[in-house]
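Morning, everyone. Let me put the model on the screen, and then I'll walk you through it.

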Amino acid sequence: MREEMDGAAGAGGRGDDETIGMADEVPGVHIMSRIDLEAAVGGMSPDDDWDGAGATSREDAARKRELARYRDDPDLCWRRHVIADDAMLARVGRLVREAPNMARAVEIVRRAAVVSRYARQPLRVPPIVLVGPPGCGKTRFASLLAGALGVSSSTIVGSTITDVGKIIGYHPGWKGASPGLVAKSLMQGATASPVIVVDEAEKIQAVDGLPYPLDALLSALESGTACYYRDGYLDVPMRAEGIVWLFCGNDLHGLSAPLLDRCVVIEVAALSGRERHRALDDLAADILLDHGVAPTALDIDALAVLDGVGLRRARALIASALAGALDAGRDALTADDLRAAAALLGGAPRIVRQRAGFVQF
């Protein structure tokens, strides 16, 4: 049995659902309070019809049924705290080798882990904005960081965002409404500290005079208010203060001042020379391992083929080259495999910019 804390505990003072690990238990937290769940669900059960217990629509009934599951089984909304130990500190420290141009970001996370280990308290990493040229490894670093912390990660790409509902949830009055990325990350992960990545963040723009979409996350970026984060669909306070936030972009244009004020902004340089070759070697090894192939180091000729190619593009080339090598009965990549992949996939699309002015027909 998990032991409930008496009184206020943890950030925000929501002690009613904070839990202490006993000698043989892992400390954690209920991401939603039973009191709040009861207020949202009322007398509805997980099996009630869509128009039962005051539901206003099928979507609202689906919401109430989902929340009723969490109300009736508190363990469903219990999430493990991420508390640093020596092993985690070692994993985080090794990120500098795997992503040397992310040294500042690694140090910020490492210091947060030092505090967590010393105080035996949940890890709290300040929100980070990584800004740098395409292909410098921002998205890959997010994946490496989640692995080092031992948590799940979720990514949303700014260029795919047409409205803020994908991030903070859609009101149940809308047909097909569902929770947003923040709530899903907390509900589907095993810990209270998933990594959430907003990639191409600068491409998320306000439209038609509406507020800047990412400003809807401001309350989730500060620990004092994140412990009461409210998804637009679930409409129940959630414990979101443990989330590790990474915003990735090619530049800062379009990101609001209030958002940047709540984040640590880190400029990321493009990899070059030996650091870039090491990153490409690691990337190739990851791809081969993902496909059950024992990795071998890329030789100098293979690395030369990838010169000037961003890491995202390199990933596609290496995966295609691996397919060609396997088709030929080999499990080691060569420069010829990469050249063939480059010829098959073609170069990056060239964007032709026209001069502004009148168009004659």
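Ground rules. This is a predicted model, where local features need pLDDT of at least 70, side-chain atom pairs count only at pLDDT 80 or more, and totals for chains, interfaces and linings use all residues. Residues are numbered from 1 along each chain as its sequence is written, and side-chain values use heavy atoms, with hydrogens and water left out.

Cores. A nonpolar core here is a set of buried Ala, Val, Leu, Ile, Met, Phe, Trp, Tyr and Cys residues joined through side-chain atoms within 4.5 Å. Buried means under 20% relative accessible area, exposed over 50%, partly exposed in between, with a 1.4 Å probe and protein chains only. The largest core has 42 residues. Met 32, Leu 214, Trp 245, Phe 247 and Leu 259 have the most contacts inside it. Helix 7 (181-188) gives this core its largest share, five residues. Helices and strands are DSSP runs, H or I of at least four residues and E of at least two, numbered from the N terminus. A second, separate core has 34 residues, including Leu 123 and Val 244.

Next, the pocket. A pocket is an open set of points on a 1 Å grid over the protein atoms alone, where a 1.4 Å probe fits, with protein on both sides within 12 Å along at least five of seven lines; lining residues have an atom within 4 Å of a point. How many residues line the largest one? There are 23, and Gly 137, Thr 139, Arg 140, Leu 311 and Arg 312 lie nearest its centre. Helix 5 (138-149) supplies the largest share of the lining, five residues.

Now Ile 266. It sits in strand 11, residues 264-267. Buried or exposed? Ile 266 counts as buried, because its relative accessibility is 2%. Its C-alpha is 8.6 Å from that of Met 102, 164 residues apart along the chain. Leaving out residues up to four places away in sequence, Ile 266 touches, among others, Ile 108, Ile 128 and Val 131. Contact means heavy atoms within 4.5 Å.

Last, helix 13, residues 335-345. Ala 335, Asp 337, Leu 338 and Ala 341 are buried there. Gly 346 follows helix 13, with a positive phi near 75°.
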